[in-house]
Amino acid sequence: MSLHTVIPSGRPLFDAASLCADLTRQGWSQQSLGDTALLAALRDEATALWQADALSRAGIGRASDHELVREIRRDKTRWFDGSSPAQRRWLGFAEDLRLELNQRLALGLFSFEAHYAVYEPGGFYRRHLDSFRGARNRILSSVLYLNPDWQAGDGGLLRLYDERDDSVIADIIPEHGTFAVFLSEEIPHEVTPALAPRFSIAGWHRCNDLGRAPALQARVLPIAPV
Ligand code: OGA
Ligand code: MN
């Protein structure tokens, strides 16, 4: 059974089976979401928040040295609070994804958080992991891109690395509707400098359990029977 069969029309559709197979095999997946109305609503809200100066300079953990932070990341963010229909639909989509991943891969995902992010021209995010290995904190990272007019020369790539040999395993172009997911503890990644304003929603599925979810403790994930 895939999301094609369980999600009523109007939700963003993608193939949950292929996403889970990718995650199991390589720790990341790239999908394309086709719900143009939802993408437009999310993009409109992100643009309006940006134009109203309602996004904040992003930080790093508890770091308080703002100059140091600016050498590492230069995006502006605003956390979702569920205050608009578009946000609620995206949170609903994340909940459907959570249930699919728990059912298929036994990830034990418990909660989800997300923020809009804007990289203004010159913005970047140097190579990092979203969670320390073994932290059992953020389990799955996801990014939905909201850039209808992205050009080949605009940069802003999501670059994924193989943690074992530092080779580049993927360059993901932040085109409208592209949806990237990867294991937070296993995939180092960066955002290369963007030359045009770059809009996205970054999200993290978290686990509520510090010792369990054995499926994630080996690099190769078993696929639960469905
Ligand atoms: C992040 C991040 C990637 C992207 O916010 O932690 O790595 O492509 N974002 O925006
Ligand atoms: Mn990241």
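**Entry 1: the chain as a whole**

I began with contacts (heavy atoms within 4.5 Å) and found that residues 24 or more positions apart account for 78% of the contacts in the protein chain with a separation of 6 or more. I noted that this is a predicted model, in which local features need pLDDT of at least 70, side-chain atom pairs count only at pLDDT 80 or more, and totals for chains, interfaces and linings use all residues. Residues are numbered from 1 along each chain as its sequence is written, chains are lettered from A and ligands numbered from 1 in the order in which they are written, and side-chain values use heavy atoms, with hydrogens and water left out.

I then listed five helices and eleven strands in the protein chain; helices (H or I, at least four residues) and strands (E, at least two) are DSSP runs, numbered from the N terminus. Of the 226 residues in the protein chain, 51% are buried. Buried means under 20% relative accessible area, exposed over 50%, and partly exposed in between, with a 1.4 Å probe and protein chains only.

**Entry 2: helix 2**

I looked up helix 2, residues 16-26, and recorded Ala 16, Leu 19, Cys 20, Asp 22, Leu 23 and Thr 24 as buried. At the N-terminal end, Asp 15 caps the helix, with a side-chain oxygen 3.0 Å from the backbone nitrogen of Ala 17. After helix 2 comes Gly 27, with a positive phi near 85°.

**Entry 3: helix 2 against helix 5**

Two packed helices are described by the angle between their axes and the distance between the axes. I found that the axes of helix 2 and helix 5 (residues 85-105) come within 11 Å and cross at roughly 60°. Axes are lines fitted to C-alpha atoms, for helices over the stretch in contact, and angles run from 0 to 180 degrees between N-to-C directions. The two helices are therefore oblique to each other; angles under 35 degrees count as roughly parallel, over 145 as roughly antiparallel, 65 to 115 as roughly perpendicular and the rest as oblique.

From helix 2, Ala 16, Ala 17, Leu 19, Cys 20, Leu 23 and Thr 24 meet Leu 97, Glu 100, Leu 101, Arg 104 and Leu 105 of helix 5. I sorted the residues of this contact into eight nonpolar, one polar and two charged. Ala, Val, Leu, Ile, Met, Phe, Trp, Tyr, Cys and Pro count as nonpolar, Asp, Glu, Lys and Arg as charged, and the others, Gly among them, as polar.

**Entry 4: helix 3 against helix 5**

Helix 3 (residues 36-51) packs on helix 5 at about 125°, and I noted that their axes are 9 Å apart. Helix 3 is thus oblique to helix 5. Leu 38, Ala 41, Leu 42 and Glu 45 of helix 3 make the contact with Ala 86, Gln 87, Arg 89 and Trp 90 of helix 5. The residues here divide into five nonpolar, one polar and two charged.

**Entry 5: single residues**

I located Glu 113 in strand 4 (residues 109-119). Leaving aside neighbours within four places in sequence, the contacts of Glu 113 include Trp 79, Arg 138 and Trp 204.

Ser 184 lies in the loop between strand 9 (178-183) and strand 10 (189-191).

Conventions: A polar contact is a pair of N or O atoms within 3.5 Å; within protein, one must be able to donate a hydrogen and the other to accept it, and residues adjacent in sequence count only if both atoms are side-chain atoms.
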